[in-house]
Amino acid sequence: MRYSALSIIKQALSGNRRWTPAWREPEPKPHYDVIIVGGGGHGLATAYYLAKEFGITNVAVIEKGYIGSGNVGRNTTIIRSNYLLEGNNPFYEMSLKLWEGLERDFNYNAMVSQRGVLNLFHSDGQRDEYARRGNAMRLHGVDADLLDREQVRRLAPYLNFDHGRFPVMGGLLQKRGGTVRHDAVAWGYARGADARGVDIIQHCEVTGIRRGPGGEVEGVETTKGFIGCNRLALAAAGNTTTVGRMADLALPIETHVLQAFVSEGLKPIIDNVITYGAGHFYISQSDKGGLVFGANIDYYSSYAQRGNLATVEETMQEGVSLIPGLSRAKALRAWGGVMDMSMDGSPIIDRTPIDNLYLNAGWCYGGFKATPASGFCFAHLIAKNETHHVSRFMRLDRFERGYVLDEGGKGPQPNMH
């Protein structure tokens, strides 16, 4: 629905009482063709593409909180496809191409901003590693530019170029990378899925997975009662291990907290997304002027959406080391998301050994940027019972087979030797 400026003012003065919800609040049906556990970006995108691309509309997305209450509403919004390995690069490039057409596709302003992602390097060895990565990207038809020190200085003169240990020597730039408004992604996919008949069931927690006499999944026990299904798809992010245990499914995943921060609103200064090659620090500036930044995960396992002060201190140290001017900015707020960290740093999109049970998990640092491709490939797997070719390396059994996809989702970070 389109609104004129006058109608928006009228709605605001009336307390928005006449606004219609963007999606329905249905009661669950007794049975669905597909149930998706997890109403985050990946679960909603899967439901959207199941309905739009594969014509499967008898679908329920079950979310224990409200839409946007998980990681999709609490991340640093970065999108990119600057990966090295064959198992990752085509997948994330597919995602980036979907991002580029996403707003037209689901008719919602997700504020896709292709401002460029710049990964800095600080040694000769690191430069060579970045050149290798850029060449691999080019071989897959993905844009990459290796910049020298002066080219980086023109882009970001505020960086600490003469750091005693980690001088900025250059960077690898992907101009098509950037940021997207995270909660708008959730709302756009939710509205699009709902319009195609998908039931989005909020505040409905899964408490058990019911299996038949042959071990096959028959449905889920929830706080709103039992709901049957032909196929059950798990897209529960940091809660994947707890849901998996309900079906006696042991997974190569640990759950950790990843904290992020935003500063007070400042005048425009950082035009790109910038990552520190000497540490896992990344920063961009939002449309409201806040500097959005983060660093490493909290290294102990936790399911709580909060972190510890040691990680806060480390993040601030890295930020000021890279951009000394950050020391004069006030941190406005912080938040944490629970991350499903796989053993090789790469995701899993696959069938499980349990009949009718499908898995989308292990996204580590790469979950948000992967949202469109993850949803599309997971929907393809569920609908056709066949793996999409760009996600063929993301098998669950790769760990026991010795075919790990060993590339951490946090971006280019070769050693400093």
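This is a predicted model: local features need pLDDT of at least 70, side-chain atom pairs count only at pLDDT 80 or more; totals for chains, interfaces and linings use all residues.
Strands here are DSSP runs of type E with at least two residues, numbered from the N terminus.

Look at what packs around Val61 once you skip the neighbours within four places in sequence: the contacts include Ile36, Gly38, Gly39, Gly43, Leu44 and Ala47, plus a run made up of Val198, Asp199, Ile200 and Ile201.

Now zoom out to the nonpolar interior. In soluble globular proteins, nonpolar side chains tend to be buried together. Here the largest nonpolar core has 51 residues, and Ile36, Phe91 and Tyr189 are the ones touching the most other members. Two or more residues each come from β1 (31-37), α2 (41-54), β2 (59-62), α3 (89-106), α6 (182-195) and α9 (371-384). There is also a second, separate core of 27 residues, with Val37, Ala60, Ile201 and Leu234 among them.

Beyond its neighbours within four places in sequence, Tyr189 contacts Leu44, Ala45, Tyr48, Tyr49, Leu102, Phe106, Thr371 and Pro372.

Next, hop over to Trp23, in the loop between α1 (5-13) and β1. Is Trp23 buried or exposed? Its relative accessibility is 15%, so Trp23 counts as buried. Leaving out residues up to four places away in sequence, Trp23 touches Ile67, Trp187, Ala190, Arg191, Asp194, Ile200 and Gln202. Ser301, by contrast, is 278 residues along the chain from Trp23, and their C-alpha atoms are 35 Å apart.

Eight strands make an open, mixed sheet, and reading across gives β5-β6-β4-β13-β14-β15-β12-β16. At the edges are β5 (145-148) and β16 (331-342), each pairing on one side only. Ignoring direction, neighbouring strands are turned by 25° against each other on average.

Within that order, β4 (residues 117-121) and β6 (residues 170-174) pair in the antiparallel sense over 5 bridges, and Leu118 stands opposite Leu173 in β6. Finally, find helix α8 (residues 309-322): it lies across β4, β12 (253-265), β13 (273-275), β15 (290-301) and β16, and runs at about 135° to β15.

Terms used: Residues are numbered from 1 along each chain as its sequence is written. Side-chain values use heavy atoms; hydrogens and water are left out. A nonpolar core is a set of buried Ala, Val, Leu, Ile, Met, Phe, Trp, Tyr and Cys residues joined through side-chain atoms within 4.5 Å. Buried means under 20% relative accessible area, exposed over 50%, partly exposed in between (1.4 Å probe, protein chains only). Helices (H or I, at least four residues) and strands (E, at least two) are DSSP runs, numbered from the N terminus. Contact means heavy atoms within 4.5 Å. Two strands pair if DSSP finds at least two bridges between them. Axes are lines fitted to C-alpha atoms, for helices over the stretch in contact, and angles run from 0 to 180 degrees between N-to-C directions.
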